Amino acid sequence: MTSNGTVVEVRGLKKHYPVRQGVFSRVAGSVRAVDGVSFSIARGRTFGLVGESGCGKTTCARAALRLVEPTEGDIFINGTNILSLSGKHLRRARRGFQIIFQDPYASLNPRMTVGAIIGEGLKVHRMASRRERRRRVTELLERVGLSAGAAGRYPHEFSGGQRQRIGIARALALSPAFLVCDEPVSALDVSISAQIINLLKDLQEETQMSYLFISHDLNLVEYICDEVAVMYLGRIVEQAHAEVIYERAMHPYTRALLAANPLPDPEKRREKILLGGAVPNPASPPQGCHFHPRCDAADEACRLQYPKLVEIGGGHLVACHMVDQKSKTSQ
């Protein structure tokens, strides 16, 4: 961890997938799943990534953990650039960052007992003896609200919410400083989701872990996140403190997402914003601002040049020609 309290710092992260065509599978282009994303997360804080399906949220998170190899960029976790590590050095560094997967049914090995699943990381990293592993597994199960007797059972014997608790216990086994939560409650019903989210908040207060939280549920993101970034076609188009995003969103895409988000109060209404067209093909994004084919306010500059992500005050970043022009005029 750096001296200013930053646990995670991602700079210019890119992940491009080659598009191959023809008999000889020649590279004909690339899908820019993540295209120059930068952010940082302080100790004990939660950073949210939101956007439509296919915008690059999960790829960004997996690249930040080197579950997929980035094409370009720097990733500092606990002060170390993990892209410079390999072999045993990378394995040792992995103790400091873990992930909770989206699907609690597919992410647990059905042939392993719950105790073996949770204790596997301790075994791989040789961090505890067999007796110590059993003690640690019991401690983790109780911490996530399950009984010690669950250790001898198999994943298929548990409900979806219980399986996700097992996934959380596994992620906590190595006491990481950084935890990626990849839509951890999207496969669960509302009441169970609330229990899991409150569990994550309690664990963060106890351990001061830093979270990267990915979700489609904007109400959930508002509840749990300190800072939020909105992604569109692999790039961040707006980033700010959570309350700023929800109260003073500036990018047209962010405003459209918020307009589609249901309000819990039936007496309140939001302005309706209907986006035209469909999400462009990430293998051949439109020239200029990638959002301009769906934006009613787009002008010639939007069609020709991609806007820079600029700060408009108070750490509020926006990539929009219209917003940039307004901020310059107000100055």
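Analyst: Helices (H or I, at least four residues) and strands (E, at least two) are DSSP runs, numbered from the N terminus. This is a predicted model, where local features need pLDDT of at least 70, side-chain atom pairs count only at pLDDT 80 or more, and totals for chains, interfaces and linings use all residues. Residues are numbered from 1 along each chain as its sequence is written, and side-chain values use heavy atoms, with hydrogens and water left out.

User: Okay, which residues of helix H3 are buried?

Analyst: In H3 (residues 114-124), they are Val 114, Gly 115, Ile 117, Ile 118, Gly 119 and Leu 122.

User: And what covers them?

Analyst: The cover includes helix H4 (130-143) and helix H5 (160-172), with contact meaning heavy atoms within 4.5 Å. Just after H3, Arg 126 has a positive phi of about 55°.

User: Switching to H6. Which of its residues are buried?

Analyst: Ser 193, Ile 196, Ile 197, Leu 199, Leu 200, Leu 203 and Gln 204. Seen down the axis of H6, they fall within an arc of 155°, so they line one face of the helix. That arc is the one made by the directions from the helix axis to the C-beta atoms.

User: Why would a helix do that?

Analyst: An α-helix has 3.6 residues a turn, so residues three or four places apart point the same way.

User: What's on the face of H6 turned away from its buried side?

Analyst: The exposed residues Val 190, Glu 205 and Glu 206 are carried there. After H6 comes Gln 208, with a positive phi near 60°.

User: How does the span of H6 work out?

Analyst: H6 covers residues 190-207, and at 1.5 Å a residue its 18 residues should span 26 Å; the end C-alpha atoms are 26 Å apart, which agrees. The expected span is 1.5 Å times one less than the number of residues.

User: Where does Val 185 lie?

Analyst: You'll find Val 185 in the loop between S7 and H6. Val 185 is buried, at 9% relative accessible area. Leaving aside neighbours within four places in sequence, Val 185 is in contact with Ser 193, Ile 196, Ile 197 and Leu 220.

User: Now the sheets. What order do the eight strands take?

Analyst: The eight make an open sheet in the order S6-S7-S8-S3-S9-S10-S12-S11, with mixed pairing. Strand S6 (97-100) and strand S11 (310-311) stand at the edges with a single partner strand each, so one side of each is left without a neighbour in the sheet. Two strands pair if DSSP finds at least two bridges between them.

User: How many bridges do S9 and S10 share?

Analyst: Six, in the antiparallel sense, between S9 (residues 227-232) and S10 (residues 235-241). Glu 227 has His 241 in S10 as its bridge partner. Helix H9 (residues 252-259) packs on this sheet and touches S9 and S10, its direction making about 105° with that of S9. Those angles run from 0 to 180 degrees between N-to-C directions, and the axes are lines fitted to C-alpha atoms, for helices over the stretch in contact.

User: Anything about the loop between S9 and S10?

Analyst: Leu 233 lies in that loop. Leu 233 has a positive phi of about 50° although it is not a glycine, and it is buried at 8% relative accessible area.

User: What about the sheet of four strands?

Analyst: Its order is S2-S1-S4-S5, an open sheet with antiparallel pairing. S2 and strand S5 (80-81) are the edge strands, each pairing on one side only. Helix H1 packs on the sheet and touches S1, S2 and S4, with its direction at about 115° to that of S1. S1 (residues 6-21) and S2 (residues 26-42) pair over 13 bridges, and Lys 14 has Asp 35 in S2 as its bridge partner.

User: Last one: which residues touch the most other members in the largest nonpolar core?

Analyst: Out of 62 residues, Ile 118, Ile 168, Leu 200, Phe 213 and Val 228 do. A nonpolar core is a set of buried Ala, Val, Leu, Ile, Met, Phe, Trp, Tyr and Cys residues joined through side-chain atoms within 4.5 Å. Apart from that core lies another, of 31 residues, including Val 37, Phe 39, Cys 55 and Leu 212.

Note on methods:
Buried < 20%, exposed > 50% of the residue type's maximum accessible area, 1.4 Å probe, protein only.
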